[in-house]
Amino acid sequence: NLVGVGVLLGAITVAGFWASRGWESPGLSGHEFRQAQTALTIQSMQEGGFRMDYATPVLGKPWSIPMEFPLYQLLVVKWIDLTGQDIAQGARTVSVICFLVGLVAFYRLLRMAKFSVGGSCLALVMVVFSPVYLFFSRTVMIESMAWASSAWFLWGLLKFRECGAGKYLTVVWFSGVIAVLVKPTTWAAFCLPWAILFLRDLLWGRRRDGEFLKRLAIEVLGIGVPLLILGFAWVAYADSVKAQNPIAHFLLSSELRGFNFGSLSMRFDGPNWLALGEHWDNAVMPWPVLMIGLAIALWQAASRWVLAMGFGAFLGIQLVFFNLYLL
């Protein structure tokens, strides 16, 4: 356990060193348009205060083209007011803090999956050093906040399923509201393990057990439905604001369906899967490491169910938002 903790702390230190390179530079390398768009929103919020129809001055009057709920932007403004950092540095700092908060949730998820303290820490090293996390954890973007809140949502949900305590519902609702408003496509990825477990319970669970059925009802009517309603309500509101700009109609949710989901035929195209495989190798984990990990997980019976849920969620979310992940 001490070795695992030490290796994780060392990995975070090394990753922090590389993340700090160019920290003082205002340049926003990688996804420059999206980072600049977020930075402009933060700037307009600094000048005009918090508004749900926040200004993003890129498409002309009336300036408002809200995409995500601007919680990340608001926290950056508050952080800048507190520390005096400029927008780029302040936004990067908030992203890094959110990433570290998310790591704690992942540690707790691994412990729930019966990993030891040391094993959980060693698993987190792969997250810390994964290129996609190294990059996005320091960007002027909403990604770290969406990832962290979604991870805490899943942890709270699994704890509620485990013991039924109301305090975990508080975690679920608080983190779920943040996740579904900040970035529902990330939240959806963390809903897939829940969906797998829920379907298992529904098909093979104790159907005559009153407490069991009550828990399933709470999961549907007390968690899933309210959060979906909240998410769709925000999308409807954002669409109504964007529709007021005559050249922003391409950003309406109805126009973005093809961009997000792609077509059915795309999912049966071999070159598309080769492209996704390259993404996995370059941004997530090299194939040799992945294959070794899969072999070890399959060898041990205790980890096969966790592997099925993890791989099902990893592949499933890409099948849902196929074009988004392809791009």
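A nonpolar core here is a set of buried Ala, Val, Leu, Ile, Met, Phe, Trp, Tyr and Cys residues joined through side-chain atoms within 4.5 Å, where buried means under 20% relative accessible area, exposed over 50% and partly exposed in between (1.4 Å probe, protein chains only). This is a predicted model: local features need pLDDT of at least 70, side-chain atom pairs count only at pLDDT 80 or more, and totals for chains, interfaces and linings use all residues. Residues are numbered from 1 along each chain as its sequence is written, and side-chain values use heavy atoms, leaving out hydrogens and water.

Start by selecting L103, W147, F153, W187, F190, W194 and I223: they have the most contacts inside the largest nonpolar core, which has 48 residues. Now colour helix 7 (143-163), which gives the most to this core, with 10 residues. (Helices are DSSP runs of H or I, at least four residues, numbered from the N terminus.)

Zoom in on F190 next. Its contacts (heavy atoms within 4.5 Å) beyond four places in sequence are F106, W147, S150, A151 and L154. For a second, separate core of 20 residues, pick members including M45, V77, I80 and M145.

Then jump to E68, in the loop between helix 2 (32-48) and helix 3 (71-83). Buried or exposed? E68 counts as buried, because its relative accessibility is 6%. Its side chain makes a 2.7 Å polar contact with that of R34; such a contact is a pair of N or O atoms within 3.5 Å, and within protein one must be able to donate a hydrogen and the other to accept it, with residues adjacent in sequence counting only if both atoms are side-chain atoms.

Technical notes
Helices (H or I, at least four residues) and strands (E, at least two) are DSSP runs, numbered from the N terminus.
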